[in-house]
Amino acid sequence: MLFQKYLQCRLRPPTVIGQFHTLFFGSVRMFFLGVLGFAVYGNEALHFSCDPDRRELNLYCYNQFRPITPQVFWALQLVTVLVPGAVFHLYAACKNIDQEEILERPIYTVFYIISVLLRIILEVIAFWLQSHLFGFQVHPLYMCDASALEKTFNVTKCMVPEHFEKTIFLSAMYTFTVITILLCIAEIFEILCRRLGYLNNQ
């Protein structure tokens, strides 16, 4: 019963923008990452090659090029951003709070706004981390410092496969993050407007 109540709350946020955000977040973003992300990044490590083309050198330079794989980073981002909303809706399910009560009672409204603000903060942090880990463009060549592996290698050139496709995908993920942040901000304004309308009607 509690789980059913939680699912109802989770699937139906108290605002129109929140419901659109859930649809956008749940369908478009996850589909894009799950299907297209695997197609673009799935075999990157296998096709990443350096000069000379030796397996240990390729692996060493790939780990230097990708401290964390983009798929793992974006999956962690999606899960992390879901946490504040999931915690709030679990709390609402435990307290048997319906959607209208969230907007009618100040304490619930404040808690919900805090959960949305946390989502914004987490998205901004993810945007910053993504820019530092992956940059904004994937170049066709990567200069790898492999001197720690073997002195004769020093700095070697590595070919990055499908760099143009990765640049497009990277731009799309930045765009999704920005859209999510804007939706969260718009949701806060909707909450405040509806809260003021509720107070004026009393």
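This is a predicted model: local features need pLDDT of at least 70, side-chain atom pairs count only at pLDDT 80 or more; totals for chains, interfaces and linings use all residues.
## Basis

Residues are numbered from 1 along each chain as its sequence is written. Local features need pLDDT of at least 70 and side-chain atom pairs count only at pLDDT 80 or more, while totals for chains, interfaces and linings use all residues; side-chain values use heavy atoms, without hydrogens and water.

## Helix α7

Helices are DSSP runs of H or I with at least four residues, and strands are runs of E with at least two, numbered from the N terminus. Helix α7 (residues 106-134) has 29 residues and reaches 42 Å between its first and last C-alpha, close to the 42 Å expected at 1.5 Å times one less than the number of residues. Gly135 follows, with a positive phi near 70°.

Ser131 lies in α7. Beyond four places in sequence, Ser131 is in contact (heavy atoms within 4.5 Å) with Phe136 and Tyr174.

## Helix α4

In helix α4 (residues 55-65), Leu57, Asn58, Cys61, Tyr62 and Phe65 are buried, meaning under 20% relative accessible area with a 1.4 Å probe, protein chains only. They lie on the same side of α4 because they cover an arc of only 125° around the axis, taken from the directions from the helix axis to the C-beta atoms. On the other side, Arg55 and Asn63 are exposed (over 50%).

## Nonpolar cores

A nonpolar core is a set of buried Ala, Val, Leu, Ile, Met, Phe, Trp, Tyr and Cys residues joined through side-chain atoms within 4.5 Å. The largest has 28 residues, and Cys61, Trp74 and Leu170 are among those with the most contacts inside it. Helix α8 gives the most to this core, seven residues. A second, separate core of 14 residues includes Phe88, Ile102, Ile120 and Ile191.
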